[in-house]
Amino acid sequence: MSEIPQRIIIVDDHPLFRKGLIQLLRTVPGFDLVAEAADGKEGIRQILHLRPDLLLLDLNMKEMSGLEVLRFVKQADLDTRVVMVTVSDAADDLVAALRAGADGYLLKDMEPEEMVEALRAAAAGRIVVSDALTHLLAAALRDEKRPESASAAGLTEREQGILGCIAGGLSNKQIARELNIAEGTVKVHVKHLLRKLNFRSRVEAAVWAVEHMRSER
């Protein structure tokens, strides 16, 4: 994680959990909690005003759901990473959040140490999903028709290299540095490879890559 403090906003309608998460974040060097909100509409106001580096977002909230907030943030093209923090371990919720652009999906019952580790990884640009849920995501993807290999999908050598970086949890900015190309070029390649693989999120592509690209080697 960079030495620059990560500015964080929490949006969650459960006061006790919100308070506990705030206390946990205050123990982590490099995390700067700049705001909290108890509902989606107030959360959006805070997000637009403060433009945080990291948004910790509850999934199921009254009036405006976490998915609605997530879609708003992504459509607003803010440079904010969004991690869902929820009690839901349903595959449908997990896939819906990732396809809407979530950068992570963590369960509220994680051990505090695991939560801190995951949030540090998210702040560093990595995609984070609770270990207990990765098998659900993989199973959901197996149920849908996908190419059997990167070559069958028609991925170029550059796209395969970028897909490998995504599978390694790298952000677009980190991939650009790794491959010595512009971040805008990385975004174009990611868009193309997602379309070829028939995925809507980089997390789905990462899970697919771990399962399929290893077998091609």
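Which side chain meets that of Asp103 in a salt bridge?

Mentor: The side chain of Lys74 does, at 3.0 Å from N to O. The pair links distant parts of the chain, 29 residues apart: Asp103 sits in the loop between α4 (91-99) and β5 (104-107), and Lys74 in helix α3 (residues 66-75). A salt bridge here is a side-chain nitrogen of Lys or Arg within 4 Å of a carboxyl oxygen of Asp or Glu. Helices (H or I, at least four residues) and strands (E, at least two) are DSSP runs, numbered from the N terminus. This is a predicted model; local features need pLDDT of at least 70, side-chain atom pairs count only at pLDDT 80 or more, and totals for chains, interfaces and linings use all residues. Residues are numbered from 1 along each chain as its sequence is written, and side-chain values use heavy atoms, with hydrogens and water left out.

Asp103 is buried at 11% relative accessibility, and Lys74 is partly exposed at 30% (buried means under 20% relative accessible area, exposed over 50%, partly exposed in between; 1.4 Å probe, protein chains only).

The structure holds 8 salt bridges. In another, Arg99 and Glu204 meet at 2.5 Å, N to O. Arg99 belongs to helix α4 and Glu204 to helix α10 (residues 202-216), so this pair ties together parts 105 residues apart in sequence. Glu204 is buried, with a relative accessible area of 1%. Salt bridges with shared partners also join Asp12, Asp58 and Lys108 into one network.

Within helix α2 (residues 40-50), Glu42 and Arg45 are 3 residues apart, about one helical turn. Their side chains form a salt bridge at 2.9 Å, N to O. Glu42 is partly exposed at 25%, while Arg45 is exposed at 51%.
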